[in-house]
Structures are given as structure tokens and as C-alpha cells.
Amino acid sequence: MTAVDEIKIGGLGVSRRRVEDNRFIRGKGNYIDDVVLPGMLHMEILRSPLAHARIRSIDTSKAWAMPGVRLVLTGETMAARNLAWMPTLSYDTQAVLATDKVRFQGQEVACVIADDPYIAKDACEAIMVDYEPLPPIVNPTQSLAEGAPLIRDDKENQPDNVIYDWEVGDKDGTDRAFAEADIVSKIDLHYPRSHPSPIECCGSIADFNRATSKLTVYMTTQAPHIIRAAVAMVAELPEQMIRIISPDIGGGFGNKVPVYPGYVASILASILLERPVKWIEDRTGNLISTGFARDIYLHGEVAMRKDGRILGVRMQTMADHGAFFSDAQPSKFKIGLMHSAFACYDIPNAHLLARGVYTNKAPGGVAYRCSFRVTEAMFFQERMIQAAADDLGMDQAEFRRINFVRDDDFPHRTPYGFLTDSGQYAKCLDVGLEAIGYRDFLKQKEEAAKRGRLLGIGISTMTEPLGAGNSREYDILGIKMFDSAELKVHITGKALLRTGARGQGQGHETTWAQIVAHELGIPAEDITVEEGDTDTAPFGMGTYASRSTPVAGAAVAMVSRKIRAKARKIAAHLLEISEEDVEWELGRFYVRSQPDRGVTIQECAVAAYSNMPDGMEPGLDNTAYYDPPNLTWPFACYIVTVEVDPETGVWDVLRLVAVDDCGVRINPMIVEGQIMGGLTEAYAMASMQFITFDAEGNCIGSNFTDYLLPTAWETPGFELHEVVTPCPHHPIGAKGIGECAAVGGPAAFVNAVIDALKGTGVRNIDMPVFPDRVYEALQTGKDVSGAPPVRTD
Ligand code: CDP
């Protein structure tokens, strides 16, 4: 007898095929709209056509009179139950159904519950709302202008449209650094609104059973336990009588973290009607009302010595949060983790000043494939770095290299106070430069320029914080950030694993089993993974911000170790030796002095139910709650080469090289899939995805004809490389990966186009870098801003 072969049982590092795909590719997934309950009714939402208007009256009589209509909800109905407003994750309030005013186009005004969705939709159209239009505010400049209309006149102590002013860093030290600098580089940027646009929109089915007093809600949520707690608190229902089931989710990307009015209204409707009520958001509803991200302006400054060393950084951000401050983020920092910027650079001084304002737009601030503003942070960082290198006249790769945190300088305190713990930044850059053929490309670019061709190369290097908690610093509505795993090893040695995370396509059912296989030697195919049902899964904080592997994945390793510790006692009993004489190798315990005498983990499982030592509790189950000591800090280097057509402004990606270091890879194939998906989204944000607002506050980009999703046709090919620096505090050395490429990718594309335009005087073109914007920049030699409502192209 020997240890089991980890590769054969699908353990760590194996590119095991995704088990969940067995149902997904056969069309057998169980998404929210697949769930049909007996007696189920359907809910539709009436949305505001105006961005800012007072509601004079709402006449629902015609809707009530329509056959098949069971209930019409308005703000008044909600207010009677104290549910017209709900708390947001950022300690603001958000209207569930509007009572006094509408504050953005698409805001929820009324709901109709009917026998089928078509009746409900028709009845919505029969509701007469008398609006008194008010001047709409669609950007921070208008919001802060003297005499600007007050958007949140519902709030006490809200004299203007400013939500917060917040700062972090050492202002005096940074001022001194700037006074001593040889060169100061300055740049103004806008990260435009963008939308996660998962293939499946949001939805819920609330099912209140009066006989049992149990409320079951099927819901597209990335965080079922948090929703359960929130429903218990807001609706004042007993938590044990609430069951949230998050079935298969067709992509989340942060869109499915917040609580939306549709969820709340469907729950109230089910309680009132004592029937299941289904709400399925349509595409336009999704694109104009739920889940906006970004929309931040930056004025950035970098102070440098002539030799290229950065002495200090200043960042002033202005965030357009829309009508309600509902950023989905668990930190005490007003602008999320924006101050994780420059974490991979060794910079002695930094200061960040952040302001947030209300506008007449849908609430923004969803962490779209992002750890709470980290995408904006890394985009600003890498655009500032490239501009600084250009202003200095230094090679952009060399500039990064001389400012990187060195491999022997960990743990490292970042300029804004985070603690990074590991990485090989220069090595990742070198692998990337080698792969792209950096020096050769620079020569090629020079040669091409002589013939009027514009080639450019863009680099983006970053480390980002993934895996919130720890519980000391991160909480959602006071609930501390940690996660959990429960493992039940059955008598036959097969196992059931449940975690507090909730995958939305990331492959948890595959990779969590691989961690158990690595820890216990039970073949991955013998382990079933379940997530997303609060009646069965252990309490956890859900999946977003690439936190699953850093936190729930760690809990999986820890619960497996608890199981192994008990199995060791059982093995000692079976082998009739003392526990100290028991040795472990994968899948098996043996007698130290007689390696041939041993018992397998499966034999221990049998004994746990049939032949346990005296005094031992039967069974082989356990639960682990994991509170990570720190965030994990993966590193990435993305390099893009482009050619810009000077006649049209069209730019084509020539090559894209990605070097990712996410520590130990559980499943390399899944990791590569995550990187490719992230790069695709990065390319989309940089090149084509456009949601803006016209001067009236109309949302431009409310459908997939205007808001483009990239297909395999236009997406460039990716060349992937890896570096492995294990995370020092994660039980298996893994760091998160899910969002890295979406976070770091956009700057590489924009940097490449700006590099191609070097020498023309153009320092910035806002995303999406449309050909007409590039063309205009080439014609005028000036930056092109895409900030609303200036540009609605
Ligand atoms: O939280 P989320 O699942 O979105 O992100 P993640 O923790 O970065 O994991 C995404 C997928 O990649 C999961 O299936 C992970 O288990 C897998 N992964 C991996 O195989 N190795 C890593 N070092 C990190 C993630």
C-alpha cells in the first residue's frame, strides 16, 4: 500500500474538467426562471421615464380593474409597512418604490402582481403617474454647481449633493515630496460607467407559507446568508423562518450582490397574497437600474526624481454615485479600496482625497468583477505610471522596474497603509517583456513610424487586494467578513462539502473537491459540493471580489484538516497503536515503524460509523469558519501591442501577453479560463462598452444594440504565462484570481493606444477608446474626454 496519486484523484494542480458543466452544457442548469412553484404569480415593475421629477399622484385604478391582476404596489403601500425605503450597504437609504420624487430614469415606481407576466406588464402601462419634471443632474460638475437642485431632499441634514469627503495618506509628507521633486506629472482621467451585464438578469421568487410561517426566497444572489440577515432585520421576520436559495446563477460579476427593490417588493407581495410571486428582471431593467459600476473622475499627480524614483503620489477622486449611495462594499473606507492603488510600487508618500456626490442616475458602485473600486484604482495607477514615464522620458518598463517593491522587501507597507506579503513583481514583468519581445517591438515601432504607421505598446502591472475579510477590518452591516466550509464524510468514504460561498460559474463544485482531495486523498469525483441554500450551507458571506478561494477555499482546507485529525485517532484505534506512532501520506495512515501496515481514509470513514474508539463521538463531519489574517495579493502583468490606423482612428490588437501570479493554482485550466474571461471584459470596457446619460438623464446604453458584449469574433487572442509565489498565510498558498484580468487589463489597452499616439500631444482618451475619439485626438492633438453629458457619441 502506498499514498494515492494526487494527479489521478484530481487533487491540487490538476486541470480537472468542470463537473458543473455536465448540466450547464446540456441545458440542464436550474436558473431562477426555471423554478416554477404551484400557484405562482408574476410581478412586473413600472419604472420612471424621467430622471428627476416630483410625483404629484399615482392612479392605479385601471390596473386594479384588469382581469388577472392580484395586487398593485406603490410607494404608499410600502410606506404603510415601513418598507418604502431600505438601507443600503453603504449606510445610506434607497427608495424601494418612489413616494415623493423619482431620482433616476428607470427608478421603480409601482409593481403589479398578476396571473401571468404579460397581464402584469399591461397593467403597469395602465398606471397613470402625474410627474412634475425637475432639472436633472447628470454629472458631478452640475451636482456641485451653486443653486443645483437638491436630489436627496428626503434626508435630514443634507444641504447639498455631496455624500462624503474622505481622505487617506500623509498630506504633509506628500506636499514635502512634491516640493522636492525634479518633475511632476499630472493627468485627468474618467473611468466611465460600466455594467456587469451577466447573461442572466436579476430575479426572485418569494414564497411565504402562512401555515408554517416560513418564507422561502429563490433569488439571484451572490450572498444568500447576508440576504437572509438583511430580510430578517428589514422585514422584522424571525431569521430561522427565512430560507434563501440561490439556484444556479448565470453570471454575477457583482451585479447580484446588492438588495434590489424587485426582491423586496416580491417578498412583500408574497406575504400579502400568501402565494409564490416571481419577478424576472428584463434586460433593459437590468441595464438601466441595477448594478452600475465605476463612474469616477481622477486628477492624479506623480512627483519624481530625475533618476526615475517616485517620491510621492496625489490622487483626487470624484465619484458619481447616482441617486442613492449604495456601493456594495464591506470596508469602512468611503471610496472602497481605491487606496490600494500603487501597492506594488515602493513609494514613500501618498495622499488621496475622495469626494462622492449624488446625481440623477441609477445607483452605481457595484464592484463589477472587482474588489470594491480596485478596478478604478489600478486603472488610474497604471495610466498615471505611463504618463509619468512619458513625462520623464524614461522607458515605461524600466520606470516600473525601478519603482517596484523588491522581492526581499516583504511584508511591505503600501503608501496608503495596506500590508502586502509576497510577490515577484520584476520577474513577472520580465516574463511578460520576454514573451512579447519588447526590445524588438520597440525597434519595429520606430521603423513603422518612418512609414507613417502607428504602433503602440501598453503595459499594466498591479497587485490587488483579494479576499475580504479579515474580520477586524471588513464587515457588511456589522456582520464580520469570514467564510465557512462543512464537510461530511459518509460511511462509504464519499463526501458532501458545503460552503458559505456561492459560485456563479467560477467552477467551485470542481475546485473545492480538489482541495479536499489534496488534504484527505478522497478522489475529487467522490465529493459533491453544494452551495447557495441557507437552510443547509454553513453561514458565509458569499462570492464576490474573488474572495472565495482566499476565504471559503481556505475554510475547505481547514475543515479537511479537522476531519484528518479525527481520522488519525480512528486510525490509531484500528492499527492498535498510539496516535503519536501514526504517520500520514495522501489518503492513508500507517505505522511509522511499519509503513506497509496502514488504513485508508475510507477505512477510517467506515470505522467512524461502525467501530469508533471508546468515548469518541460517532461520525466524520465537521465545520470550519475561516477568518483570514490578511487579504491575498496576486500580481499581474498585462502587455498589449496595437496598431492605430491614422486615417480612421481604428485600432487593432496585435498581441496580448498576460503573466499572472495567483500563488498556487488549484485548477490551472479554470484559472486560465478566469484570466481569459477577465481579459475579454477588459477589452470590452476599453474598446466598446458605452453607457452614458444625455442632458435629460436618459440612459444611453439600455440594450445590447447600444451596450456591446464582445464575441469571439472581435476579442483578441491571449498568450498566458504564469509565475507562482505562494500566499504565505493561505493554508494551500493560493491567492484569488477571478477579477485580476478585468482589473488590470483595461489600462494595458488604453496605454497601448496612447503609446501609439506618443508625440502628438495626446495624453489621454477616455474609455471606451472609440475610433472616432482616436481620430479626433489625432486631428486636434488634444485629449478626448468621454464624460457625460459632454459626449453622447
Ligand atoms: O470568488 P471567486 O470564485 O469569483 O474567485 P476566485 O476565488 O479567484 O476563484 C475563481 C475560480 O478559480 C475558482 O473556481 C477557484 O477555485 C479557481 N482558482 C484556482 O484554481 N486557483 C487559484 N489560486 C485561485 C482560484
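Strand E7, which spans residues 108-114, is mostly covered, with seven of its seven residues buried; buried denotes a relative accessible area under 20%, exposed over 50%, and partly exposed in between (1.4 Å probe, protein chains only). Strands (E, at least two residues) and helices (H or I, at least four) are DSSP runs, numbered from the N terminus. The model is predicted: local features need pLDDT of at least 70, side-chain atom pairs count only at pLDDT 80 or more, and totals for chains, interfaces and linings use all residues. Residues are numbered from 1 along each chain as its sequence is written, and side-chain values use heavy atoms, with hydrogens and water left out.

Two strands pair with E7, pairing being assigned if DSSP finds at least two bridges between strands. Strand E1 (residues 41-47) runs antiparallel to E7 and is joined to it by six bridges, with Ala114 of E7 as the bridge partner of His42. Strand E3 (residues 69-74) is likewise antiparallel to E7, through five bridges, and Leu73 stands opposite Cys111 in E7.

Strand E24 (residues 495-499) is also mostly covered, since five of its five residues are buried. Ala495, Leu497 and Thr499 point one way from E24, whereas Leu496 and Arg498 point the other way, and all are buried. Strand E23 (residues 483-489) pairs with E24 in the antiparallel sense over five bridges, Val489 standing opposite Ala495. Five residues lie between the strands in the hairpin of E23 and E24, where Gly493 adopts a positive phi near 85 degrees.

Thr641 belongs to strand E30 (residues 635-644) and is buried, with a relative accessible area of 2%. With neighbours within four places in sequence left aside, the contacts of Thr641 (heavy atoms within 4.5 Å) are with Ile436, Phe441, Gly456, Ile457, Asp652, Val653, Leu654 and Arg655. Tyr425 lies in helix H12 (residues 425-436) and is buried, with a relative accessible area of 0%. Under the same exclusion of neighbours within four places in sequence, Tyr425 is in contact with residues including Cys344, Phe404, Val405, Asp407, Phe410, Thr420, Thr463 and Phe635. The C-alpha atoms of Tyr425 and Tyr345 are separated by 9.4 Å, although these residues are 80 apart along the chain.

Overall, the protein chain contains 19 helices and 34 strands. Its radius of gyration is 27 Å, close to the 28 Å that the globule rule gives for 793 residues, so the chain is as compact as a globular protein of that length; the radius is taken over C-alpha atoms, and the rule is 2.2 Å times the number of residues to the power 0.38. Along the principal axes, the C-alpha atoms fill a box of roughly 85 × 75 × 50 Å. Of the 793 residues, 63% count as buried. Among contacts with a separation of 6 or more, 78% are accounted for by residues 24 or more positions apart.
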